[in-house]
Amino acid sequence: MKKVSLTVFFPALLMIASCNSDQKEAVNKPSEQAETALVSLNYAEKLKIDHVQNISIVQITEPFKGAETSLTYYLIPKDQEVPDSLRSTRIIRTPVEKFACTSTTHLPGLTLLNTESTLVGFPSLALVSAPSITTRIEAGEVAELGKDYSLNTEVVLEVDPELLMTFTMDGNYKHLSPLSKAGIATIVNADYLETTPLGRAEWIKLFGALFQKTEMADSVFISIESEYNRVKDLLSTVEKKPTTFNGMDYNGVWYMPGGNSWMAKFLSDAGADYLWKENTETGSIELSFEAVYDRAVEADIWLNVHGFNTLSELEAADERYSKFKAYETGMVFNSNARANENGGDDYYEAGFSRPDLVLKDLAKIFHPEIMAEHDLYFYKQLK
Amino acid sequence: MTYFTSNRSIFFKVVIILPVVILILFLFNISLGSVSIPLPEVAKALFTGSAEKESWLNIILHFRLPKALTALLAGAALGVSGLQMQTLFRNPLAGPYVLGISSGASLGVALVVLLNYSVIGIFTSLQLNNWVVIIASSIGSFIVLICVSIVSLKVRDSMTLLIVGLMFGSIAGAAVSVLQFFSDAKQLQIYMVWTFGSLGGLGWDELKILCFFIVIGLLISVISFKPLNTLLLSENYARTMGLNVTKARILIILSTSLLAGGITAFCGPIAFIGLAVPHLTRLVFNTSDHKVLIPAVALSGIIIMLFCDTVAQIPSFQSVLPINAVTSLIGAPVVIWLIVSKGGIKNSFHR
């Protein structure tokens, strides 16, 4: 019920929050004359970064699913004065030295750029996997900011980060307003809306701009990209593509990745024949168990049975799972090889920023003969 | 057949028309689903145990048949338990869950799902074993039920009991809220999915056990039709008629908890059927005699449940609607229409 009232709120909030287009033009105009560096984003569709006279203009074109207004942030170096024309816009001073974020998927932005030391706060610390961050947590250098969505505003105010990176599923920014009043900048990360693995990984460039490590971010991304494409090319010539399907039933609804989703892209790049590839959704599609059974009963490989470690657990949850061919042949894989005892899982942390590793895992699963030298990293086979 | 001799048309409706409708709906329900299977193949699979494609046979035997049978049990159980509660409390707003059975079950499931990691830690997987949910839910319902029963021995008045039941429900609901606050999104999602209710999650083993509980619950209900009729007048009157009110009350509570508790444990809380079906049946049969009402409510409950489940399937569409949404969306307007067109439900509680 709470959600409804918030979604009613959001258009109004968004109007207040949305950027002032005049001011944007003020900065953009000179850019047309002076040749400006534009950080090339080749895969990400929800992120734009322009550089105008040392100022980075970051645009989140779709801050949440179905958002109609984009969000623009002006990243101004700390040693430079804020131009008058930008006074009432969203400003982030760089490099960010005290950083807080709200999703494990944001953390690789720090670990890949060696900026872990900037992290001062994170919600649900127990879920963190990266060793370089857990050591900081153990040393008491990172504050617990609350639990998942319920960010503890008071703690955030006390920790007083320069920037809080957050995400929103429904365009609700209400909980952030006390922070901006207190002078804490916030930025919405919408990387989860990207529909390609490389598009999602390319958001590392946003972190590059925030920490003034643009070149490092570029080179990190280039190496991920080339590794990804190398494996993809290796697999592009395979003749026999194993059929596959994904996920499991939740009380009568089977969430299957759409044919244009991030996962579907992975599967096609990994040389697999995804049984729902003809679908056009970018998110997940909701199917009935029998619809999945009918199409996937003879599928070769079954991926992402969330939370399960053994085949017998799977059968205990629902005996009908055992009727799939993939179950009988034991070709069931799950991405939880690196899950920790607190319910955290490195796959949901590093996995999104390291599509090259995920692709190698999938390639190993579908074409072990080609990927002989690779050992499964995020994935494991159910016993 | 002396059971129905008082009224031939009622006998005709209950013994002939309703079962025929159920049979038609049952077959209809089994022949429809996301995967389109030709009708002759459905019949072949049902009666000969073979089909053109093996996957069709499996879909019918392991997906559709258990679900249709679950709908059958749920419709009858929820309808009858609702009827009993409305009579016991002489309150048209009472339903199978007034005694806090669903809240207790929710608390049990919430405890297991939401504290999974931090406290209990006996499950390695996030997706819970069905039996764990069933047992947790049963224990939750049972504890609330014991509390209500103890109170029911002390208080003479059913209205007090109703309030006590509601209070137990509130306590359990609040405890669930606190748990939700402390759990992460993934666990919350699992819990929420359970609260949506589902008829499709049962395998044959689970179905057998559910069937056992429901049959016992229904039998207790059938043998207590006389106390129910007497209670309809007033508890004091029932006492002067020589009825042991406390004993009758406990029998009725026991039956209700078996029926509603069993369904909640296996299918999650299913809304609306328990409240609406007794009203519908009273209006259609124009009687408040439990000798007629108990079988009629059971059969009508089955019909409505099967119908709602069939609608939830939306043939040849790939996904399914949550059963709770369908029962309320279809059922509520029908009840409003019936009540308004018959001039209110006041007559339902007087013979």
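**Stop one: a pair of strands in chain A**

Select Phe245(A) and you'll find Trp302(A) facing it in strand 17 of chain A. Strand 12 (residues 243-246) and strand 17 (residues 301-303) of chain A run parallel and are joined by three bridges. Strands here are DSSP runs of E, at least two residues long, while helices are runs of H or I with at least four residues, and both are numbered from the N terminus. Two strands pair if DSSP finds at least two bridges between them.

Before going further, some housekeeping: this is a predicted model, where local features need pLDDT of at least 70 and side-chain atom pairs count only at pLDDT 80 or more, while totals for chains, interfaces and linings use all residues. Residues are numbered from 1 along each chain as its sequence is written, with chains lettered from A and ligands numbered from 1 in the order in which they are written.

**Stop two: the rest of that sheet**

Stay on Thr244(A): its bridge partner in strand 15 of chain A is Tyr274(A). Strands 12 and 15 of chain A pair in the parallel sense, over two bridges. Now show the whole open sheet: five strands of chain A in the order 15-12-17-18-19, with mixed pairing. At its edges are strand 15 (273-274) and strand 19 (380-381) of chain A, each pairing on one side only.

**Stop three: a second sheet in chain A**

Zoom in on strands 1 and 2 (residues 55-60) of chain A, which pair in the antiparallel sense over six bridges. There, Lys48(A) has Gln59(A) of strand 2 as its bridge partner.

Color by pLDDT, the predictor's confidence in each residue, from 0 to 100. Chain A averages 85, and 89% of the residues score at least 70. Residues 1-35 of chain A stay under 50. Where pLDDT is low, the predicted coordinates should not be read in detail.

**Stop five: helices in chain B**

Select helix 1 (residues 8-31) and helix 14 (residues 290-313) of chain B: they pack at about 20°, with axes 10 Å apart. Axes are lines fitted to C-alpha atoms, for helices over the stretch in contact, and angles run from 0 to 180 degrees between N-to-C directions. That makes helix 1 of chain B roughly parallel to helix 14 of chain B (under 35 degrees counts as roughly parallel, over 145 as roughly antiparallel, 65 to 115 as roughly perpendicular and the rest as oblique). Residues in the contact (C-beta atoms, placed from the backbone, within 7 Å) include Leu18(B) and Phe26(B) from helix 1 and Leu299(B) and Phe307(B) from helix 14 of chain B.

Finally, pick helix 3 (residues 54-88) and helix 13 (residues 273-285) of chain B, which pack at about 75° with axes 7 Å apart. That makes helix 3 of chain B roughly perpendicular to helix 13 of chain B. Among the contact residues are Gly75(B), Gly79(B) and Gly82(B) of helix 3 and Gly274(B) of helix 13 of chain B.

Key: Contact = placed C-beta atoms within 7 Å.
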